[in-house]
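Let's walk through this structure together, strand by strand and then pocket by pocket. Please keep the sequence and the 3D view at hand.

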Amino acid sequence: MTIHDEHPFLPPEGERSVVRRLRGRWPAGVAVVTTGEGRSRVGLTVSSLLVVDGDPGVVVMMLDPLSDLAESLGAGVPCVANVLGPGQGDLAEVFAGQAPAPGGPFTVGSWSDGAHGPELLGSAAVVRGRVSQVAEGETGWSVRHEVEIEAVDLSDVPALRHERGSYH
């Protein structure tokens, strides 16, 4: 077996997507979006989020259409956007499917079952809402989900952000 210094799946410099490289340089907040209860709980790390002020406020999320979360979030379905804080990068990796979680992802971190879905204890913010609209078709490689905000809990913990492959 040979261990290489370079990433084995990284395309050569001239073949890398400039849009993907731009996205990597664009700082983004990190949330684990959850829904369901008991054994039907699902969650996904999401950094493609936009908070839109209004009455009601809305969170626009871009989700992988093949993810369990996207398949679970139809119109009217309640969900929670758990905004991650410092030291929760490992949890983000677990819910992104990039790190192992023996026993399942909800064994990482401390969770409580809320009326809208699993809520992460110690997060920077908890946003509870209900899916108001799922876009027809895809935008890029994602499906747009709009969630009407019903309740928000804020803490004094700063939000975790992702930039150039690292959490800050």
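Strand β6, residues 78-83, runs antiparallel to strand β9, residues 125-134, and the two share 6 bridges. Strands here are DSSP runs of E with at least two residues, helices are runs of H or I with at least four residues, and both are numbered from the N terminus. Two strands count as paired if DSSP finds at least two bridges between them. If you look for Pro78, you will find that its bridge partner in β9 is Arg130. This is a predicted model, in which local features need pLDDT of at least 70 and side-chain atom pairs count only at pLDDT 80 or more, while totals for chains, interfaces and linings use all residues. Residues are numbered from 1 along each chain as its sequence is written, and side-chain values use heavy atoms, with hydrogens and water left out.

Now step back to the sheet around this pair. It is an open sheet of 7 strands in the order β3-β2-β6-β9-β10-β5-β4, with antiparallel pairing. At its edges stand β3 (42-46) and β4 (49-52), each of which pairs on one side only.

Another open sheet has 3 strands, ordered β1-β11-β12 and again antiparallel. β1 (28-29) and β12 (166-167) each have a single partner strand, so one side of each is left without a neighbour in the sheet. Strand β11, residues 161-163, pairs with β12 over 2 bridges, and His162 stands opposite Tyr167 in β12.

A pocket is found on a 1 Å grid over the protein atoms alone, as an open set of points with protein on both sides within 12 Å along at least five of seven lines; its lining residues have an atom within 4 Å of a point. The largest pocket has a volume of about 2,100 Å³, where volume means the space filled by probe spheres set on the grid points, joined across faces, edges and corners. Among its 38 lining residues, Arg20, Arg23, Gly24, Ser47 and His162 are the closest to the centre. Helix or strand, which element gives the most to this lining? It is α1, with 7 residues.

The second largest pocket holds about 280 Å³ of space. Its lining has 16 residues, and Ala31, Leu49, Val51, Val83 and Val127 lie nearest the centre. Two or more residues each come from β4, β6, β9 and β10 (143-154), with β10 giving the largest share, 3 residues.

Technical notes. On a 1 Å grid over the protein atoms alone, a cavity is a set of points where a 1.4 Å probe fits but cannot get out, and a pocket is an open set with protein on both sides within 12 Å along at least five of seven lines; lining residues have an atom within 4 Å of a point.
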